[in-house]
Every structure is written in structure tokens, then in C-alpha cells.
Amino acid sequence: MFTPARSAPKTPAIQRDRLAFLLDDGREITVQRVRDPRARRIRLAVDERGARLTLPLRASLVAGDRFLREHHDWLAGQLAAQADVAGSGLVRMATPALPLRGIARPLRWDGGRATRLAFDTDGSLRFIAPTSAGDAALRRALRDFYEAEARADVGRWLPNYLSGLPRAPRRIVFKRTTSLWGSLAPDGTLALDLALVLAPPAAFEYVLVHELCHLLHADHSPRFWAAVEARYPDWRDQRDYLRRAGRGLKGRLRALLAG
């Protein structure tokens, strides 16, 4: 007798809504509330998209509201920090420094015929731009500079990791991404987040090694992590750093290149 197989129960869908929350200074903000079946505890997060309150299925809305009130000081501080990042765009003759490889490089502004950014003789940065250059030209020069520096870093590191790989990446592109730090397409194109050039080099190098190891294993299985470990033993510290500081790096680059 044939007995039809029972289908697996469906996982409840993620539910989203918004609620208004009043800060101590009188400002009313909007908090995105997410009920996520995968969540194990109530969490509050702030990034460039705003505040987000995540609730597991068993948590009540009352418990979520209480958690939000209990963490209102932390929430206000995080929102202020995000506002500082968002307001720290590139301003001609005013921006005093630019982030690069984990440090803030002093920046000097000069006039000239061509718009470009380069290193000065003392290791600081020098932005040369005619008075006719608009904000878009300045941002384009900054992006070109960051991409050139990122390519230079990858060019130094890549030969050290090609041994034992089935092939080299077909090409390498730099993008501004929201969440991922890197990806490897089926055609062998390696995409890296341009914000990595703002991070300490060790974190950038870890992401490169991580994506190269996907040439060996297209998943995150134990074999994949063993390949990462063999090539970059410090990977855990760099992964933790990107989890802590990643939103800030992405937000800083977004502010500098906004427009």
C-alpha cells in the first residue's frame, strides 16, 4: 500500500512592521520591528538604515517595548554615531583626513588643473582640484584612488595564495555592498567590497583568502574552513573585527562617495 510522504512543516515567515519611539530629547524615531522565527532572543541593532528591534516568535510585543525602553540610552548613542558618519562626507577644503588601511590619513587640499588624489612625500594625502571641479568630480577622484589602492593590495597578496588553487580568479571587481564583503561568481569573477581598503590590511587580506578558498569549496563546510585556516590562521580575529566595525566602514565609505 502506498503512503504519501508527509511534507515538512513550513517555517513561519518573517514579519515586519514599524513603531514610533520617543527619545529622551523629545525626538520621535521610527523603529523597524522584525519577528523572526530564527531569532533566539530579543535584539536591538542600529545601522545606516536606522533602528531595528528583532523578536523571536515566543516574545510578546510588550516584552519588546520594555526591552526598547530599557536600552533607550544605548539606542540614542548609536543613532548619534550613525548621524556623525552620515554627515562626514567629502567637503572641499574642509575634510581634514581620509580613512585608509585602518588609519586616518591627513589630507591637504591644493588647486591644480586636473582633479586627483595622491600620496604626498610625507605619507599624507594631497587632493588637487581646480575651482571648477564639482562635488561629483571630487567623489569620482576619491573612488578612483581607493580602487587603485585596493587593487595594489590585492596585487601584492594574491600570488601568495594561488598555489594549491585550481585556478586564479578570472577577474577582480570592486563594489560598494550593503552586507557582503566578497563573492565569487560561477564564471570566476571575484567581487570585493571597496570599503575593505578602509579597514586594517589584515582584515582585507582575510576576505581575499576567504573568497579564494571558494575556488576549492563552494560552501562553508568544515573542509572550506580548514582551507581558510591553512592559509590564514588569524582569520577568526579578522572576521570578528569586521563584525564589530563593518557597518562603520561601509557607512563611512557611503558618506564619502554619496551622491
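At 58% relative accessibility, M93 counts as exposed, because exposed means over 50% relative accessible area, buried means under 20%, and partly exposed is in between (1.4 Å probe, protein chains only). You will find M93 in the loop between α2 (72-86) and β5 (97-100). Helices and strands are DSSP runs numbered from the N terminus, with at least four residues (H or I) for a helix and at least two (E) for a strand. M93 also has a positive phi of about 65° although it is not a glycine. Most residues other than glycine have a negative phi. R101 is another non-glycine residue with a positive phi, near 50°. R101 sits in the loop between β5 and β6, and with a relative accessible area of 17% it is buried.

Before we go on, a word about what you are looking at. This is a predicted model, in which local features need pLDDT of at least 70 and side-chain atom pairs count only at pLDDT 80 or more, while totals for chains, interfaces and linings use all residues. Residues are numbered from 1 along each chain as its sequence is written, and side-chain values use heavy atoms, with hydrogens and water left out.

Now step back to the whole chain. The protein chain has 6 helices and 11 strands, and its C-alpha atoms fill a box of roughly 80 × 60 × 30 Å along the principal axes. Of its 259 residues, 43% are buried. The protein chain exposes about 14,900 Å², with carbon and sulfur atoms supplying 52% of that area; accessible areas come from the Shrake-Rupley method with a 1.4 Å probe, and for residues only the protein chains shown count as cover. A contact means heavy atoms within 4.5 Å. Among contacts with a separation of 6 or more in the protein chain, 46% join residues 24 or more positions apart.

What lies inside? The largest nonpolar core has 53 residues, and those with the most contacts inside it are L98, Y146, L192, F204 and L242. Helix α3 (residues 135-157) gives the most to this core, with 9 residues. A nonpolar core is a set of buried Ala, Val, Leu, Ile, Met, Phe, Trp, Tyr and Cys residues joined through side-chain atoms within 4.5 Å. To see one member up close, pick L242: leaving out residues up to four places away in sequence, L242 touches W181, L196, A203, Y206, V207 and L249. Apart from this core lies another, of 17 residues, among them I29, L44, A51 and A59.

At 3% relative accessibility, G246 is buried. Not counting residues up to four places away in sequence, G246 touches W181 and Y241. The C-alpha atoms of G246 and L98 are separated by 17 Å, and the two residues are 148 residues apart along the chain.

Next come the aromatic rings. A pair of aromatic rings is described by the distance of the centres and the angle of the planes. Rings of Phe, Tyr and Trp (its six-membered ring) pair if their centres lie within 6.5 Å; planes under 30 degrees apart count as stacked, over 60 as edge-to-face and the rest as tilted. A search of the whole structure finds 6 aromatic pairs. How are the rings of W109 and F127 arranged? Their centres are 4.7 Å apart and their planes are at 0°, so the pair is stacked. W109 belongs to strand β6 (residues 103-110) and F127 to strand β8 (residues 125-128), so this pair links distant parts of the chain, 18 residues apart. W109 is buried at 10% relative accessibility, and F127 is buried at 0%.

W157 and F204 give you an edge-to-face pair, with 5.1 Å centre to centre and 85° between the planes. Because W157 lies in helix α3 and F204 in helix α4 (residues 201-213), the pair ties together parts that are 47 residues apart in sequence. W157 is buried, with a relative accessible area of 10%, and F204 is buried at 1%. F119, F145 and Y146 form one aromatic cluster.

Our last stop is H217, in the loop between α4 and α5 (222-231). Is H217 buried or exposed? With a relative accessible area of 15%, H217 is buried. Leaving aside its neighbours within four places in sequence, H217 is in contact with R223, F224 and A227.
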